[in-house]
Amino acid sequence: MKTILSHQTVDIPENVDITLQGCAVIVKSLRGTLWRDLNHVNIELSLLGKKKKLPVDKWWGNRKGLATVRTVCSQVQNMTKGVTRGFCCKVRSVCAHCPSTSLFRRIVLVEIRNFLGEKYTHRIRMRSGVACSVSQAQKDELILGGNDIALVSNLAALIQQATWLKTRISEKFWMVSLFLKEEPFSGLMNKILVVLL
């Protein structure tokens, strides 16, 4: 069964400028500019009230189509948070009963050396728009930051997957990997306990 009209509205903060070019959304603020193309989604976008409200409409949508309305609203809200406050994600290496993992940072690459005593150097290319720094407070911890939550989360996932153990070599190596220490949310970051192995 199809719903005639599904409607949600996104409130835009005062210091954020938003423009629409067809179904492309451009968000500008002090930290920079983010652009997202939404042509693949069959929705209506328009600006109301001096560009401070963005209504998202879906006509004659089935269950999957109605879910895209909330997805588009969440993407626009994440873009406004990114250009005002930014996103930060912390990745820390954890090892038990094995050689320590060394993290090195370059401008275009993140290199992980001496993982489980391997001679192979794991290299992960940096995403454009994501800054990487080594934490001074915690040993073997990388701090990833940027405006786009998708790029920050993607880089954190690539770093973790580069050192993922495919098989359990031995019982003593099962606690070795790079873990996502804190979620990529801006402002107050929620500390979580991640058990991935």
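Visitor: Where is the place of Ser 29?

Guide: Happy to start there. This is a predicted model, in which local features need pLDDT of at least 70, side-chain atom pairs count only at pLDDT 80 or more, and totals for chains, interfaces and linings use all residues. Residues are numbered from 1 along each chain as its sequence is written, and side-chain values use heavy atoms, with hydrogens and water left out. Strands are DSSP runs of E, at least two residues, numbered from the N terminus, and Ser 29 belongs to residues 24-29, which form strand 3.

Visitor: Is Ser 29 buried or exposed?

Guide: Buried means under 20% relative accessible area, exposed over 50%, and partly exposed in between (1.4 Å probe, protein chains only). Ser 29 has a relative accessible area of 17%, so the residue is buried.

Visitor: Which backbone oxygen does the side chain of Ser 29 reach?

Guide: Contact means heavy atoms within 4.5 Å. Leaving aside neighbours within four places in sequence, Ser 29 is in contact with Val 16, Val 83 and Thr 84, among others. At 3.1 Å, the Ser 29 side chain reaches the backbone oxygen of Asn 15.

Visitor: And is Ser 6 buried or exposed?

Guide: Ser 6 sits in strand 1 (residues 3-11). Beyond four places in sequence, its contacts include Val 56, Leu 66 and Val 69. Its relative accessibility is 16%, so Ser 6 counts as buried.

Visitor: What phi does Trp 60 have?

Guide: Trp 60 is in strand 6 (residues 53-61), and is exposed because its relative accessible area is 53%. Although Trp 60 is not a glycine, its phi is positive, at about 50 degrees.

Key: Helices (H or I, at least four residues) and strands (E, at least two) are DSSP runs, numbered from the N terminus. A polar contact is a pair of N or O atoms within 3.5 Å; within protein, one must be able to donate a hydrogen and the other to accept it, and residues adjacent in sequence count only if both atoms are side-chain atoms.
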